[in-house]
Amino acid sequence: MAHILIVGGHDETFRVIDDLPVELSVFQNSESVTVDQARRAHRLCVFDYRDQAEALCRARALHEFTPFDAVVSFTEHGLMPAAVIKEALGIAGNARDAVRLTRDKIAMREHLAGRDLGAVLTRSCSSASEVRNFLLAVGGPIVVKPAGGAGSSGVFRVSSLDQVESAFARSRGEYPGPTLAEEFIDGPEYSVESFTTDGRHDIIAVTAKTTTGAPRYIETGHLMPAAVAPSALAELRGLVTDFLGSIGHSFGPAHTEVRFGSAGPRIIEGNTRPGGDFIWELVLRAMGRDLVRESICHLAGLPPQSRTPGRGAGCVAFFAYENVVIERVHGIEAARQAEGIIRLQCSLEPGQRLGPLRSSADRQGVIVAVGTDLVDAERRLAEAQARIRVETSPLPH
Ligand SMILES: Nc1ncnc2c1ncn2[C@@H]1O[C@H](COP(=O)(O)OP(=O)(O)OP(=O)(O)O)[C@@H](O)[C@H]1O
Ligand SMILES: [Mg+2]
């Protein structure tokens, strides 16, 4: 039986591999550990695995006792520790370079510069005056964002000189570390979900997004598969395939975000893991691809597992209220029972005072719907939403 180390993950990660004949060791942090994970894992180490030195030290000790065949992570903060362990122990897993280039947006832009993968003007900035100079050099709107950020935290669109100072300070304040300024790519936003084995990239689906718009672009919804013209689809697939090849991604799921600008598609960011924001659930339930299970089977040398067919299409909509007081919330349970709804989470409660949305984490829940095609999935989502009534009043200043 193959021995696999999993770094981080949720109950769902372990549930979908529950029946596989694999010996599992798990590194987990104290906030995410559960009884179910302890039951499934043959060995469970609870510590802050983001500390790469400690993760490597513990992995070495375990490896000496009972050698690993592979290491994998499906969660943002576990990717780098897993890649460090893979490289140090010489076992199967995600390539360290591919992870490094996608965890650090400055490193990714430096890597892409000079390659024929759709140029985006960028600059690493350590002061507001550097951002100001970059804005002048671009001669159009830019985006300021943290190099290691997530969930749109610290992301700001800047279109005039008077916005620079506050955008730079707020970006730094919300998310420490280096700041990246980029030309603003204007156009619809997509993500491309893929699965790579032995360096071959299988593009599974393209997801269309809605966001809160400027200045922060917090995601409010996803549609899969996106309705995209065949020629644009081919361009998106081609760009992402070339991108994954260029960073040396040789194994596992990837979620690559792209904007389709007037000069063609441009990479916004890459992630060598399944898409968050319940995109993984659309991949599973709409497209019929279980990327966690497929990854573990591949690493363990198990035969490809039969797939449960997907429904065909799906959509995700977030509760994203801001600057209101929640007075009443009706119909959540009725909406949850609506046909085609596979998930409904809602933390809205009467009396809540909701300030501005600062990142994805400030959203108040989600509805996930599936259907035979996009029209069907969107209709089911709309039917569920129609059962919900949220009464609000303006947030007093
Ligand atoms: N160069 C750019 N041009 C246009 N829009 C951009 C650019 N960079 C970022 N954005 C917008 O800001 C959003 C957040 O940026 P990015 O994905 O880099 O940050 P993030 O914090 O990793 O977000 P998330 O974790 O939600 O994907 C993007 O989805 C996009 O809408
Ligand atoms: Mg992003």
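In this predicted model, strand E9 (189-197), strand E10 (200-211), helix H10 (279-285) and helix H11 (291-300) each give at least two residues to the lining of the second largest pocket, and H11 provides the largest share, 4 residues. Here helices (H or I, at least four residues) and strands (E, at least two) are DSSP runs, numbered from the N terminus. A pocket, found on a 1 Å grid over the protein atoms alone, is an open set of points where a 1.4 Å probe fits, with protein on both sides within 12 Å along at least five of seven lines, and its lining residues have an atom within 4 Å of a point. This lining holds 23 residues, and Arg289, Asp290, Glu294, Gln305 and Arg307 lie nearest the centre of the pocket.

Turning to the ligand, 19 residues surround ligand 1, each having a heavy atom within 4 Å of it.

| Protein atom | Atom of ligand 1 | Distance |
|---|---|---|
| Ile185, polar backbone atom | nitrogen | 2.9 Å |
| Arg259, polar side-chain atom | oxygen | 2.9 Å |
| Glu269, N or O atom in the side chain | oxygen | 2.9 Å |

Taken alone, ligand 1 exposes 600 Å², of which the protein buries 96%, with accessible areas coming from the Shrake-Rupley method and a 1.4 Å probe.

Residues are numbered from 1 along each chain as its sequence is written, while chains are lettered from A and ligands numbered from 1 in the order in which they are written. Because the model is predicted, local features need pLDDT of at least 70 and side-chain atom pairs count only at pLDDT 80 or more, whereas totals for chains, interfaces and linings use all residues, and side-chain values use heavy atoms, leaving out hydrogens and water.

Terms used. A polar contact is a pair of N or O atoms within 3.5 Å; within protein, one must be able to donate a hydrogen and the other to accept it, and residues adjacent in sequence count only if both atoms are side-chain atoms.
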